[in-house]
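Subject: Structure for your review

Dear colleague,

Please find the structure below, followed by a summary of what was found in it. I would be grateful if you would read the two side by side.

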Amino acid sequence: MARRRKARRGRRRLLGWAGTVVLALLVGLAGGYLYRELPRRPEPPPGASFQPSDASRALRAWSDLVGPLDPRGTRVAVADRAAGRILRQRLEAAAQRHGARVVETSHGEGALGLELRAGEGRFPVELWWSLPPALPPTPLLAIVIDDLGRSREEAQAFLDLPLPITPAILPHLPLSSQVAHLARERGREVLLHLPMQPQGYPERDPGEGALLEGMDEEAVRRSVARNLVSVPGAAGVNNHMGSRLTELELPMRWVMNELAARGLYFLDSLTSPRSVAAQAAGRAGLRWARRDVFLDNDRDEEAVGRQIEKAVEAARAGGFAVAIGHPHAVTHRALARWAPAIEAAGVQVVPLGEGLRRRGGGSMERAAASRPLSAAKP
């Protein structure tokens, strides 16, 4: 009897272990089936998204470099452009370590705009540095001496002044060509002092080669070309007399179109307050200037000195001014006497063409309109 009970207990234990094994196998098979059949979440492609932990690590690394980040924008002062470049590189290195990005949004002379992107976060950052203070531009003064061409010695005296005067040479005089060559040998730009009809013509005669009211376009352009041949190498033109012709829009348009075709610039001597010459030059695309001061309407050395003072003040007020004088002995003496004072006033005397290149043709129109002009001459 005892042996039969012991045998039954052994069979029950064996059946229990077998059941456990069978149940484990069934559970494993069911799990495998479910793993194969149920939809699984796709793996994100590399770099497609940020994990929150990566974003927070990027933000901490950036904050260590530039301080607390504000989604509205953060301004960071750096020593100079080189320091800004180094800081940007460090921000980019931190971004690469944590799967974030640094995007440039702007670049100026004294600042660099960046956007730090981590996860959904966007943090504008401006790196800025102080630029060295800009020095104010040196005031420029061009001094034009009209009516040259009659005497080599007269021209030589003005070219020998310690100031780079700009000679304006009348055409068809016995020494027009020689004076032009002399000036160019001295490295000076030369102007053709182009005769134009004044008020009171013909009693007031502008001389050979003058442009006159009533000429047609062909005659005007042919005369300009012929006058330029008489003053070889001219870089620009200013009007001799012309108090009548410079008031007429059509002849001025023809003159400026001819000069534009030759790549020359124009100085309006402003012998009439109603002159349209400068406006015509601007419309034709020329570099141009307008006279600010006549130096020697009054042929007294002290009076010429006062006009030089006016020219210096005009240059300091507007950045660039043009003074016109004539080959009088008194004008020569005054310029020689005042040369050191002009330099001491911080004004640089330059050839007219250089002044136009450095200040831009036409830039004097606003300045001239804002201050009274000295008396015109016909």
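Two residues are said to be in contact when heavy atoms lie within 4.5 Å. Please bear in mind that this is a predicted model.

With neighbours within four places in sequence set aside, glutamate 247 is in contact with Gln199, Ser272, Arg274, Ser275 and Val276. Glutamate 247 belongs to the loop between β8 (236-241) and α7. Its relative accessibility is 16%, and a residue under 20% is called buried, so glutamate 247 counts as buried.

The crossing of α6 with α7 is right-handed. On the α6 side, Glu217, Val220, Arg221, Val224 and Ala225 take part, and they meet Pro251, Trp254, Val255, Asn257, Glu258, Leu259 and Ala261 of α7. By class, this contact comprises eight nonpolar, one polar and three charged residues.

Finally, strand β4 (residues 121-128) pairs with two strands, as follows.

- β1 (residues 74-77) runs parallel to β4 and is joined to it by four bridges; threonine 74 has valine 125 as its bridge partner.
- β3 (residues 111-118) runs antiparallel to β4, with eight bridges, and leucine 112 stands opposite leucine 127.

β3 and β4 form a hairpin with two residues between them, and glycine 119 in the turn has a positive phi of about 60°. The covered face of β4 holds Gly121, Phe123, Val125 and Leu127, whereas Arg122, Pro124, Glu126 and Trp128 make up the uncovered face.

Yours sincerely

Notes
Residues are numbered from 1 along each chain as its sequence is written. This is a predicted model: local features need pLDDT of at least 70, side-chain atom pairs count only at pLDDT 80 or more; totals for chains, interfaces and linings use all residues. Side-chain values use heavy atoms; hydrogens and water are left out. A crossing is left-handed if the near helix is turned anticlockwise from the far one by less than a right angle, and right-handed if clockwise. Ala, Val, Leu, Ile, Met, Phe, Trp, Tyr, Cys and Pro count as nonpolar, Asp, Glu, Lys and Arg as charged, and the others, Gly among them, as polar. Buried means under 20% relative accessible area, exposed over 50%, partly exposed in between (1.4 Å probe, protein chains only). Two strands pair if DSSP finds at least two bridges between them.
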